[in-house]
Amino acid sequence: MADFNCILAGVIRIITPLILLIMWHKKTDARLLPAPAALLICFPVFIIAGAIRSGFDRCDFIAFYIQQGILYGIFEEGVKFLAFRYLLKSYDNRKDAVTYGIGHSAFESIGGGMACLNLIGTGKAAPEIFIVNVWYAVEGAIFVIGLTILVFYGVYSNKSIVMLPAAMFLHALGNAAHGIFIKPVSFVINLILLAGISYSAFRCWKAMQNPYEDEL
C-alpha cells in the first residue's frame with residue numbers, strides 16, 4: 001500500500017502542471033510559449049542556486065533555512081523579472097503571467113513527483129504521502145503563479161522597484177517557514193501567506209484588466 005501511495009503521489013505531482021496548463025489554455029486561449037520557456041529557465045537557476053546553497057553552514061538550521069529562503073527568493077523572482085523584462089517582452093498580456101507561473105511550478109512539481117517515485121520499495125514513505133503531495137501540488141502552483149503575477153504586474157506597470165522586492169520577500173518567507181517550523185505551524189503560516197499572496201495577485205490581475213483583452 002505504501003508503494004502504491006508513492007506512485008499516486010508521484011503521478012499527481014508530475015501531471016498537475018500539465019493539467020493546469022491544458023485547462024488554462026482551453027479556458028482563456030492563452031499563449032503557451034511562456035510555460036516551456038519558464039521550465040527551461042528553471043534548470044540553470046536551480047543548478048546555480050543549489051551550488052550556492054551547498055556552501056551554507058547547516059549547523060544552525062534556522063540560519064540555514066533563512067539563507068535558503070532569501071537565496072531562492074532572489075534567484076527565482078529575479079529571473080522572472082528578467083524574463084518578462086527582456087526575454088519575453090512581446091508576451092505582455094496578463095494571461096502570459098499565469099502561463100509562465102504554471103511552467104515554473106512544473107519544475108518543482110516534477111522534482112517532487114520524482115522524489116516520491118524514488119521512495120518506492122524503500123519503506124521510507126510516510127503514510128500520508130499521497131495527501132501531503134496533493135496539497136503540495138495545489139499549494140505550490142498557487143504560490144508560484146501568485147508571485148509570478150506580482151512580478152509581472154511590476155514590469156507591466158513600471159512598479160518593479162516595489163513589486164519585485166515584495167515578491168522576493170514573500171517567497172523567502174514561505175520557503176524559510178517550511179524548514180524552520182514543525183508541520184502544523186508551517187502549514188498555518190503558509191496558509192495565511194498563500195491567502196495574502198492570492199489576494200494581492202487578484203488585485204494586480206484586476207488592475208491589469210484590458211477591456212479589449214478578448215480581442216487580442
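Visitor: Is Phe 43 buried, partly exposed or exposed?

Guide: Burial is read from relative accessible area, where buried means under 20%, exposed means over 50%, and partly exposed lies in between (1.4 Å probe, protein chains only). Phe 43 has 44% relative accessibility and therefore counts as partly exposed, while Phe 107, with a relative accessible area of 18%, is buried. This is a predicted model, in which local features need pLDDT of at least 70 and side-chain atom pairs count only at pLDDT 80 or more, whereas totals for chains, interfaces and linings use all residues. Residues are numbered from 1 along each chain as its sequence is written, and side-chain values use heavy atoms, with hydrogens and water left out.

Visitor: How many aromatic pairs does a search of the whole structure find?

Guide: Rings of Phe, Tyr and Trp (its six-membered ring) pair if their centres lie within 6.5 Å, and planes under 30 degrees apart count as stacked, over 60 as edge-to-face and the rest as tilted. The search finds 10 aromatic pairs. One of them joins Trp 24 and Trp 205 edge-to-face, at 6.1 Å centre to centre and 65 degrees between the planes.

Visitor: Which helices hold Trp 24 and Trp 205?

Guide: Helices are DSSP runs (H or I, at least four residues), numbered from the N terminus. Trp 24 is in helix H1 (residues 2–28) and Trp 205 in helix H7 (residues 183–207), 181 residues apart, so that the pair links distant parts of the chain. Trp 24 counts as buried at 16% relative accessibility, and Trp 205 is buried at 18%.

Visitor: What kind of pair do Phe 43 and Phe 107 form?

Guide: Phe 43 and Phe 107 are edge-to-face, 5.0 Å centre to centre with 90 degrees between the planes.

Methods:
Helix = DSSP H or I, 4+ residues; strand = E, 2+ residues; numbered from the N terminus.
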